[in-house]
Amino acid sequence: MKGEKKESNEKKETWKDFIYNPTTGEFLGRTASSWGLILLFYFVFYGFLAGMFSLTMFVMLKTLDENVPRYQDRVANPGLVIRPHAAEILFNSSDPSNYNQYVQELHNLLHQYNDSIQERNDLCLVGEYTEQNNEHIKKVCQFKRSMLRQCSGLPDTSFGYAEGKPCIIIKMNRVMAGFPLCGDSLLQMQYFPPEGRLDKMFFPYYGKKAHPDYVQPLVAVKLLLTRDDYNIEQTVECKVEGSDVRNNDDRDKFQGRVTFRVKVSE
């Protein structure tokens, strides 16, 4: 028993000496000078890495333009989105609870296009690009809600949903150029603005920092459904048209186009 107790005491002494040895002044097996050299090495090493990273970021940021994205590989082929935001728009025209969510979404979208708000913006020259390369803060061209006429939600607050002839609003992602839009369907459709054309005056877009108040021009499509079209799922495809625009690539069905389905009942 004495032998076992002696051995246990020796182990405790060994651990104590390893943590701190009063004879050699070592802490965890190293002297203060040894620890100091190690800490100095890691301080210099990681300081060098941090410096290299900071220098790399500084050089990279100096090459960036705050107003224009460095890479714009999708500019020639902009994406499209629709509002109401749904791939399938299904509703009963005689039941407002069926389509209120769609109507409210359109009203929310068009609030910033209210004529009273847009009148603070500039009247631009129709048919001409609004070039502002030398201006620090870019002016914004008026796009009034009333330009969408029957799809503005002003003469008809239900956007045609109550009569079974719904309006769909199409937005093009913010790019530096503009193109006309067209619809592909057997249905009769009415476009606002006429022919679904986005005028050149709303372009180019100079980026969020230089163009902070910019609002995207819109195209509204009113589907002129008849009773014969009710209870049938209708497919509509809208495309961006232009000489350099690709909108028929089967590998990317969202490039330069958007497809949605509508089914109306009563």
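Modeller: Then start with C124 and C141, which form a disulfide with their sulfur atoms 2.0 Å apart. This is a predicted model, in which local features need pLDDT of at least 70 and side-chain atom pairs count only at pLDDT 80 or more, while totals for chains, interfaces and linings use all residues. Residues are numbered from 1 along each chain as its sequence is written, and side-chain values use heavy atoms, with hydrogens and water left out.

Biologist: Why is the pair C124 and C141 called a disulfide?

Modeller: A disulfide is a pair of cysteine sulfur atoms within 2.5 Å. The sulfur atoms of C124 and C141 are 2.0 Å apart, so the pair is called a disulfide. In general, a disulfide is a covalent bond between the sulfur atoms of two cysteines.

Biologist: What is the handedness of the link of C124 and C141?

Modeller: The link is left-handed, with -95° about the S-S bond. Both C124 and C141 lie in the loop between helix 4 and strand 5, so the pair ties together parts that are 17 residues apart in sequence. Helices (H or I, at least four residues) and strands (E, at least two) are DSSP runs, numbered from the N terminus.

Biologist: How many disulfides does the structure hold?

Modeller: It holds two. The other partners are C151 and C167, with sulfur atoms 2.0 Å apart. Their link is left-handed too, with -80° about the S-S bond. C151 lies in the loop between helix 4 and strand 5 and C167 in strand 5, so this pair ties together parts that are 16 residues apart in sequence. With the bonded cysteines numbered in sequence order, the pairing is 1-2, 3-4.

Biologist: Are C151 and C167 buried or exposed?

Modeller: C151 and C167 are both buried, and C124 and C141 are buried as well. Buried means under 20% relative accessible area, exposed over 50%, and partly exposed in between (1.4 Å probe, protein chains only).

Biologist: What makes C238 count as buried?

Modeller: Its relative accessibility is 1%, and the cut-off is under 20%, so C238 counts as buried.

Biologist: Why does Q142 count as buried?

Modeller: Q142 has 12% relative accessibility, which is under 20%, so the word applies. Q142 lies in the loop between helix 4 (115-118) and strand 5 (167-172). Among the residues that Q142 touches are Q118, D122, L123 and F202, not counting residues up to four places away in sequence. Contact means heavy atoms within 4.5 Å.

Biologist: Which backbone oxygen does the side chain of Q142 reach?

Modeller: The side chain of Q142 reaches the backbone oxygen of N121 at 3.1 Å.

Biologist: Which peptide bond has omega of about -5°?

Modeller: The cis bond that joins F192 and P193. P193 is in the loop between strand 7 (189-192) and strand 8 (218-223). The bond from F203 to P204 is also cis, with omega near 0°, and P204 lies in the loop between strand 7 and strand 8.

Biologist: How do you know that strand 5 and strand 8 pair?

Modeller: Two strands pair if DSSP finds at least two bridges between them. Strand 5 and strand 8 have five bridges, in the antiparallel sense, so they pair. Within this pairing, I168 stands opposite V221 in strand 8.

Biologist: What is the order of strands in the open sheet?

Modeller: The order of its four strands is 3-5-8-7, with antiparallel pairing. Strand 3 (80-83) and strand 7 stand at the edges with a single partner strand each, so one side of each is left without a neighbour in the sheet.

Biologist: Which residues does UniProt list for "transmembrane region"?

Modeller: The unreviewed UniProt entry lists residues 35-61. UniProt positions are given in the numbering used here, feature names are shortened, and annotations may be inferred rather than shown by experiment. In the model, residues 35-61 are 100% helix and 0% strand, and the end C-alpha atoms are 39 Å apart.

Technical notes. Polar contact = N/O pair within 3.5 Å; in protein donor to acceptor, adjacent residues only side chain to side chain.
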